[in-house]
Amino acid sequence: MGWGDLGAFGEPSKETPNLDQMAADGMLFLDFYTASPLCSPSRAALLTGRLPVRNGFYTTNGHARNAYTPQDIVGGIPDSELLLPELLKKAGYTNKIIGKWHLGHRPQFHPLKHGFDEWFGSPNCHFGPYNSTERPNIPVYRDWEMVGRYYEDFKIDLKTGEANLTQLYLQEALDFISKQQASQQPFFLYWAIDATHAPVYASKQFLGTSQRGLYGDAVREIDDSIGKILKHLQQLGISESTFVFFTSDNGAALISAPKQGGSNGPFLCGKQTTFEGGMREPAIAWWPGHIPAGGVSHQLGSVMDLFSTSLSLAGLQPPSDRQIDGIDLLPVILQGKLIDRPIFYYRGNELMAVRVGLYKAHYWTWSNSWEEHSKTGLSHESSQNPIFMLILANGELVPVLGLFGMARRGIDFCPGQSVAGVTTHTQEEHTYLPLLFHLGRDPGEKYPLSFASEEYQRAVEHISGLVQQHKATLVPGQPQLNVCDQAVMNWSPPGCEKLGKCLKAPESDPKKCSWPH
């Protein structure tokens, strides 16, 4: 989901009344960031409070490459990492994840082995359908065992976009909250729905209800679900003892826009990039009776802060035996304070950019490669525009509207947003002379400051000192996203025997994963 997808952040169709009301009753964070422009690393960062380069959710197979956890990935969240639910257990919390886990699907990476007590959802996103020979359909789990597979037992209609998954996830959340309230048990609920990830889906009652098409339908259903969850907390009388935070794992995927992607508002590019559109997220904190209504914060925040903030709420201290990148946001939320801290924008193993205050310095720029961007092919689906062909007729060349033709169908993470020297299709290093933007005057990163200006020199000198300090103390974790093997895919997850859904795995053939972006 993108920064510009909610009415509270300026989306013009105003189709998110519940999230907008959540913001009116709580606090908006306008400068809130994920830790990676891609799903798996950002989720690992949220649950560990640590940058992906520290917790292992990156690759060294190629420089500055995005990587995640597809079905054939061998790695996942290491046992050495301490996840938020593991620590909350010490304070007596019951922990549940609903929706997408995405931190590895092999048995040792199961969320119930990393602090969660309950799980209803999937280890991967809802890609498919697959034919079960080259690759299996993604399993859906209830706790330790699968209860079916996407497309087979949990239907997703790719033609209409209809799927009931968000409603299932909503009911799971309501039931879990009711159970914990009845037993007077403190709880942590990680509600990780994925309806706005392509292929986008929504339930029948929301299909066709948005001005924004299917993607808007999905956003409206998520908004409606969050409204029901907040109302449920209020009806149970526990809203004043429940802290709720809403955000996204990365910016809107412009590669699948406009039909399957959202809006990043005024910001440059989207998912997969370390420009603002890829990493600045909508964020709302809600805690009636504690957070003053209608608050707006310009605190530089991060999903990693949810780790430290949650521990603080539970009366716990972060682990002292490792570097924690998240900060406790309670002084910001409850007292309106601003905490001086940098934001580090990583892409794989490379520090691409740093934000300090209103200044952002790019040490590397790269949107995506020319090879991927410029792919062409014979396809009538590769362009949204009609293709004109020149046909030889009676000795003359005549332009004809064609159904087929050579059209670019490559990957573009910044459609319609090319900025010369900034949105580069080759990896460009700016280590010795960073590109500097003032995000207050130029949130779209279109106008780099003059290298010769006093403002540039003063800001870069300050930021460079913080970068040197960061790199001097950085101890990268063992990369988990380097090796892929078809044999480790979801062929026979636990519980498949009971359902008759076990599939035969191919011979193990581990290889280096290919990460073109």
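Predicted model: local features only at pLDDT ≥ 70, side-chain atom pairs only at ≥ 80, totals over all residues.
Let me start with Cys269 and Cys414, which form a disulfide (a pair of cysteine sulfur atoms within 2.5 Å) with their sulfur atoms 2.0 Å apart. The pair links distant parts of the chain, 145 residues apart, with Cys269 in the loop between strand S8 (244-246) and helix H7 (276-279), and Cys414 in the loop between strand S20 (406-408) and strand S21 (428-429); helices (H or I, at least four residues) and strands (E, at least two) are DSSP runs, numbered from the N terminus.

Residues are numbered from 1 along each chain as its sequence is written, and side-chain values use heavy atoms, with hydrogens and water left out.

Both Cys269 and Cys414 are buried, where buried means under 20% relative accessible area, exposed over 50%, and partly exposed in between, with a 1.4 Å probe and protein chains only.

In the disulfide of Cys484 and Cys513, the sulfur atoms are 2.1 Å apart, and both residues are again buried. For Cys496 and Cys502 the distance is 1.9 Å, and the torsion about their S-S bond is about 90 degrees, so this disulfide is right-handed. Cys496 is buried, at 0% relative accessible area, whereas Cys502, at 35%, counts as partly exposed.

What, then, of Cys39, and how far is its sulfur from the closest cysteine sulfur? That sulfur belongs to Cys125 and lies 6.8 Å away, too far for a bond, although Cys39 is buried at 5% and Cys125 is buried at 1%.
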